Structures are given as C-alpha cells and as structure tokens.
Amino acid sequence: MAHWLFKSEPDVWGWDAQVAKGAVGEQWDGVRNYQARNNMRAMKLGETAFFYHSRTGLEIVGIVEVCAEAHQDTTTDDTRWDCVDVRAVRPFQKPVTLQQIKAEPKLAKMILVNNSRLSVQPVTDEEWAIICEMGGTQP
C-alpha cells in the first residue's frame, strides 16, 4: 500500500477539524494542481497519509486514511478536479516539524523537502517509517 502526505493550513482546515469529522471523514477538496489531483486519483481505499500543517506550524501532526477514492470535487462544477475523502486515524505523540525532517539525512530526497509547494504528495515506505518513529507513532 502507498503512503501520502496532505498539506493544509491549520486556520483553514486543521487536525482538530479533521478529527471532529469522525469515521465518516471529509473530502479533501479545493485542490487545483494537476500533480496533486493525479496523486489523489492514484489513491486506494485504506491507504494512509500524513496530515501536515502548512504555513503555520510546518509540522506533521497526525495520520489519516483514504475512506473514499477519487470523485468529483463538490466545491466546483469543473469536472477536471477530483478529490478523495479522508478520516483521522491517530495523532502523532509529538509533531514532527519540517525543520526536523530537513535535518534528517535519510529524508533528504523526500518531496516535502524538495517541492514544498505540492499539497498532496507520495511518501516512500522508508520515509513513512522514519517519520512515524520521529513522531513516536506506530506506522
């Protein structure tokens, strides 16, 4: 199974808002980047992702899972834009900051480090394990 990372501004949609949606989850809408959209189109049910607070915080704060595969983003009538639904799985024991990630040599090739603007991105199995360990969280 693949792993992913979703970026969201916490003052717009933060971890607490995601958790409040419960088991039903929420669509990850509003993405208007083709690469990010294509990443969501590749996602399968049950795949897991990091929930990353961007702009403010710059840290991974939890894990979500895909609970509905790609479908039309309901925030637009433009059929080019799809999204997935995600639900919170568990918080990190301690958030993992972008600064910590950049300081870890084994994460030097991570997309988050090299293309920080991409809002939905893949994460390798090795990156997943390292970051979960850094956050005191089970993979």
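Trp28 is buried, its relative accessible area being 7%, where buried means under 20% relative accessible area, exposed over 50% and partly exposed in between (1.4 Å probe, protein chains only). The model is predicted, so that local features need pLDDT of at least 70 and side-chain atom pairs count only at pLDDT 80 or more, while totals for chains, interfaces and linings use all residues. Residues are numbered from 1 along each chain as its sequence is written, and side-chain values use heavy atoms, with hydrogens and water left out.

The structure holds 6 aromatic pairs, a pair being rings of Phe, Tyr and Trp (its six-membered ring) with centres within 6.5 Å, called stacked if the planes are under 30 degrees apart, edge-to-face if over 60 and tilted for the rest. The ring centres of Trp28 and Phe51 are 5.6 Å apart and the planes stand at 85°, so this pair is edge-to-face. Phe51, at 0% relative accessibility, is likewise buried, and ring pairs link Phe6, Trp15, Trp28 and Phe51 into a cluster.

The whole structure contains 6 salt bridges, each defined as a side-chain nitrogen of Lys or Arg within 4 Å of a carboxyl oxygen of Asp or Glu. One of these joins Asp73 and Arg32, with N to O at 3.0 Å; Asp73 is buried at 0% relative accessibility, whereas Arg32 is partly exposed at 38%. Another salt bridge brings together the side chains of Arg87 and Glu65 at 2.8 Å, N to O, and Arg87 is partly exposed with a relative accessible area of 26%. In the salt bridge between Arg80 and Asp78, the closest N and O atoms are 2.5 Å apart.
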